[in-house]
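Please read the report below alongside the sequence and the 3D view.

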Amino acid sequence: MSLSSFSSLILSEAKLPEQVAKVMEAIETDIIRARILPRTRLIEDHLMEDYAAKRHVVRAALAELQRLGVVVKPPHLGAQIRRFNKQELEDLYHMRRVLHHTAIEMIEFPVAPERLASVEAACLEHTRAAASGELIAIHRSNMAFHREFYGLCDNLYLAESIRLHDWLSFPVRAYGVADAGALEQACREHQAMVDAVRTGNRAALDALSVAHMGRARDIYEEKYLTR
């Protein structure tokens with residue numbers, strides 16, 4: 001099975017009803033805007049009112065976000081946005097560094113022109129989304145760029161692990177979406193990653209993959225771990 005067909009299978013399995021997808025996007029947007037904070041209880045009645053959605057739609061959206069690791073349900077507390085403590089955050093980002101480093105080590109240079117074109121197109125789409133200011137488009141196009149870029153490793157399971165860790169780290173990464181400085185830095189780093197792929201500069205890619213995770217994590221730590 002090719003990487004593209006594997007990705008299509010994943011996407012088809014994750015296909016959600018339109019109303020469920022809309023509520024998910026609304027919750028994601030409110031996380032990005034810091035209207036919903038880590039450990040904030042997600043009360044169904046409030047979400048139904050906020051998003052003009054039926055109960056079964058809200059429940060389905062929360063279930064999907066829980067499957068992705070964004071929402072957790074501690075015993076007796078109900079659904080809430082995941083909050084990381086210092087050790088959990090370190091462990092998560094250590095795992096992300098391992099996954100990204102391994103993927104970069106597996107990229108075969110030179111990259112085929114059509115594969116490079118797909119990465120460039122994803123980079124451009126994220127840049128356009130950043131210019132538009134549409135938060136959900138910025139978030140989703142950022143993940144799409146990561147999917148195209150790390151997909152160059154041609155290991156189906158590694159690429160999917162990176163995608164799932166992108167979702168798991170969303171409660172942290174969200175704070176980089178609405179921060180103008182972090183967003184500008186992300187766009188520059190995406191372009192630098194494309195340039196490094198074009199020239200086959202593996203060392204630069206490895207360094208960029210680590211740096212690329214830093215800004216949003218710093219914002220999260222300042223908000224939740226240093227106060």
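## A buried arginine and a cavity

R96 is found in helix 5 (residues 86-106). Helices (H or I, at least four residues) and strands (E, at least two) are DSSP runs, numbered from the N terminus. This is a predicted model, in which local features need pLDDT of at least 70, side-chain atom pairs count only at pLDDT 80 or more, and totals for chains, interfaces and linings use all residues. Residues are numbered from 1 along each chain as its sequence is written, and side-chain values use heavy atoms, with hydrogens and water left out.

R96 counts as buried, at 3% relative accessibility. Buried means under 20% relative accessible area, exposed over 50%, and partly exposed in between (1.4 Å probe, protein chains only). Neighbours within four places in sequence aside, R96 is in contact with H165, D166, S169, R173 and M213. Contact means heavy atoms within 4.5 Å.

The structure holds one cavity of 30 Å³ or more. On a 1 Å grid over the protein atoms alone, a cavity is a set of points where a 1.4 Å probe fits but cannot get out; lining residues have an atom within 4 Å of a point. Grid points are joined across faces, edges and corners, and a volume is the space filled by probe spheres set on the points. The largest cavity has a volume of about 290 Å³. Of its 21 lining residues, N142, R173, A186, H212 and A216 are the closest to the centre.

Which helix gives the most to the lining of the largest cavity? Helix 10 does, with five residues. Helix 5, helix 7 (135-150), helix 9 (170-177), helix 10 (180-199) and helix 12 (214-224) each supply at least two residues. The lining divides into nine nonpolar, eight polar and four charged residues. Here Ala, Val, Leu, Ile, Met, Phe, Trp, Tyr, Cys and Pro count as nonpolar, Asp, Glu, Lys and Arg as charged, and the others, Gly among them, as polar.

N142 is found in helix 7. N142 is buried, with a relative accessible area of 12%. Residues up to four places away in sequence not counted, N142 touches H126, R173, H190 and H212.

## Cores and domains

The protein is divided into domain 1 (16-79) and domain 2 (84-223). These bounds come from an automatic or database domain assignment. The C-alpha centres of the two domains lie 25 Å apart. Their contact takes 13 residues from domain 1 and 14 residues from domain 2.

A nonpolar core is a set of buried Ala, Val, Leu, Ile, Met, Phe, Trp, Tyr and Cys residues joined through side-chain atoms within 4.5 Å. The largest has 32 residues, of which I27, I31, L42, L62 and V70 touch the most other members. Helix 2 gives the largest share of this core, six residues. Both domain 1 and domain 2 give residues to this core, so it lies between them. Another core, of 23 residues, lies apart from it and includes C123, Y150, M193 and A196.

## Backbone points

A cis peptide bond joins F109 and P110, with omega about -5°. P110 sits in the loop between helix 5 and helix 6.

Notes. 1 Å grid on protein atoms, 1.4 Å probe; cavity = no way out; pocket = protein on both sides within 12 Å on 5 of 7 lines; lining within 4 Å.
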